[in-house]
Amino acid sequence: MQRPVIQQIRERINEPRHFIQVLYGPRQVGKTTLITQILEHSSMPHLFVTAEEQVGVDRVWLRGIWSRARQMQREVASDFLLVIDEVQKIANWSETVKLEWDTDTYQHLPIKVVLLGSSSILIQKGLSESLAGRFETIYISHWSYAEMKEAFGWSLNQYLWFGGYPGTGDLIKDEQRWQHYVTQSLIDTTLTKDVLMLTRVDKPALLRRLFTIGCAYSAQIVALNKIQGELQERGNLTTLSNYLSLLSSAGLLCGLEKYAGNVLHQRASKPKFQVYNNALMNVQRAMSIDIAEQDHALWGRVVESAVGVHLLNASVMGGYRVYYWNENSKEVDFVLVRGDKVVALEVKSGTDSINNGMSAFDKLYHPQAIYIIGTDGIPLQDFFLMNPSDLF
């Protein structure tokens with residue numbers, strides 16, 4: 001199977017104009033596999049290197065790689081592609097890339113560059129500090145239901161429970177094996193390599209505990225000061241907010257802000273925890289999918305979290321932001337904002353009635369569109385197969 005984003009990457013690489021193409025996204029969503037598929041079917045000579053397990057990856061190592069690429073380009077005397085994986089692990093990578101790229105540009109060397117990274121916060125920092133005007137980005141998200149269905153033949157309920165990690169596609173027949181893989185190969189590796197080792201974290205145990213609790217509360221609104229007891233840490237609320245931002249940059253867990261039509265109010269609101277992949281929430285539950293499906297209250301939370309996952313993962317390339325809204329007992333599950341357009345969504349599973357939050361929100365903010373997802377609205381199957389940008 002080839003993910004739809006492959007065509008976009010291929011077109012950019014083959015364009016006459018040269019930009020540094022930056023592919024970034026969470027760990028284990030197939031960034032390296034994507035570029036490998038492209039290289040296998042490309043006639044353009046290339047050099048692929050990774051900083052993943054290298055020792056002493058610094059600016060000297062990177063400059064040596066670039067010199068090797070120049071030598072190879074001179075031998076073929078044609079356009080040449082240099083691909084560097086896990087670039088964020090190279091100290092001062094952006095300054096060195098800028099130097100080498102500008103040298104190639106000055107000398108009219110047709111070397112095209114693709115950078116891959118799994119730490120959003122470090123990638124964005126490097127781009128903003130050094131590479132202004134020289135790059136384009138493509139976000140590689142967690143896999144959607146459509147992709148898991150096509151690649152592995154999953155049902156919708158399997159996607160809702162097991163999430164969108166392609167590495168688990170053939171593991172779900174043995175749920176214990178699936179749990180071990182998600183916990184050890186995905187969660188532990190991401191926290192260790194993409195968060196704790198690359199960013200200063202003074203209280204790593206607190207960050208891990210926040211991650212665990214936040215995943216358990218996915219699709220629920222919780223004040224950070226209310227869970228300090230569960231965190232076993234009275235610490236600074238600013239520290240908790242910063243740690244939540246780090247988890248979001250790694251594509252694990254975020255805190256959706258309340259929509260208020262006012263930026264200050266949004267930032268001061270209680271976060272609505274939202275995982276980027278439902279596997280992160282459900283792997284912590286000591287039950288099988290068969291048992292979970294019979295618990296209507298639990299399954300309703302699973303469905304709402306999965307709706308949030310679908311909206312969130314499509315938001316970067318879709319150019320919209322995801323919020324929630326509540327006022328007293330009135331609530332709207334998700335609010336999408338793109339420019340001056342606002343769309344409100346309510347998730348309804350089973351026979352539960354819709355609360356009066358949507359009516360109140362409509363009177364206050366006059367959204368462009370209102371949707372019910374699930375019962376009496378867009379069928380879940382249809383929703384998870386669509387591009388959320390089409391809701392605008």
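Q: Which order do the 5 strands of the open sheet take, and how do they pair?
A: The order is S2-S3-S4-S1-S5, and the pairing is parallel. Strands here are DSSP runs of E with at least two residues, helices are runs of H or I with at least four, and both are numbered from the N terminus. Two strands pair if DSSP finds at least two bridges between them.

Q: And what am I looking at, in terms of the model?
A: It's a predicted model: local features need pLDDT of at least 70, side-chain atom pairs count only at pLDDT 80 or more, and totals for chains, interfaces and linings use all residues. Residues are numbered from 1 along each chain as its sequence is written, and side-chain values use heavy atoms, with hydrogens and water left out.

Q: How many bridges between S3 and S4?
A: There are 5, joining strand S3 (residues 80-85) to strand S4 (residues 111-117) in the parallel sense.

Q: Which strands does helix H2 touch?
A: Helix H2 (residues 31-40) packs on the sheet and touches strand S1 (20-24), S2, S3 and S4. Contact means heavy atoms within 4.5 Å. The direction of H2 makes about 155 degrees with that of S4.

Q: Changing topic: what's the order in the open sheet of 6 strands?
A: That one goes S7-S6-S8-S9-S10-S11, with mixed pairing. Strand S7 (272-275) and strand S11 (369-374) are the edge strands, each pairing on one side only. Neighbours in this sheet are turned by 35 degrees against each other on average, direction ignored.

Q: What's going on between S8 and S9?
A: Strand S8 (residues 321-327) and strand S9 (residues 330-338) run antiparallel, joined by 6 bridges. Trp325 has Val332 of S9 as its bridge partner. Their hairpin has 2 residues between the strands, and Asn328 takes a positive phi near 55 degrees.

Q: And S9 with S10?
A: S9 pairs with strand S10 (residues 341-348) in the antiparallel sense over 5 bridges. Leu336 has Val343 of S10 as its bridge partner. These two strands form a hairpin with 2 residues between them, and Gly339 in the turn has a positive phi of about 65 degrees.

Q: What about S6 and S7?
A: Strand S6 (residues 253-258) and S7 run antiparallel with 4 bridges, and Gly255 stands opposite Phe273 in S7. Helix H9 lies across S6 and S7 at about 60 degrees to S6, while H11 lies across S6 and S7 at about 115 degrees to S6.

Q: At what angle do H9 and H11 cross?
A: The axes of H9 (residues 204-216) and H11 (residues 237-249) come within 10 Å and cross at roughly 70 degrees. The contact is made by Leu206, Leu207, Leu210 and Phe211 of H9 with Thr239, Leu240, Tyr243, Leu244, Leu246 and Leu247 of H11.

Q: Last one: how many helices and strands in the chain?
A: There are 17 helices and 11 strands. The C-alpha atoms fill a box of roughly 70 × 45 × 45 Å along the principal axes.

Terms used. Axes are lines fitted to C-alpha atoms, for helices over the stretch in contact, and angles run from 0 to 180 degrees between N-to-C directions.
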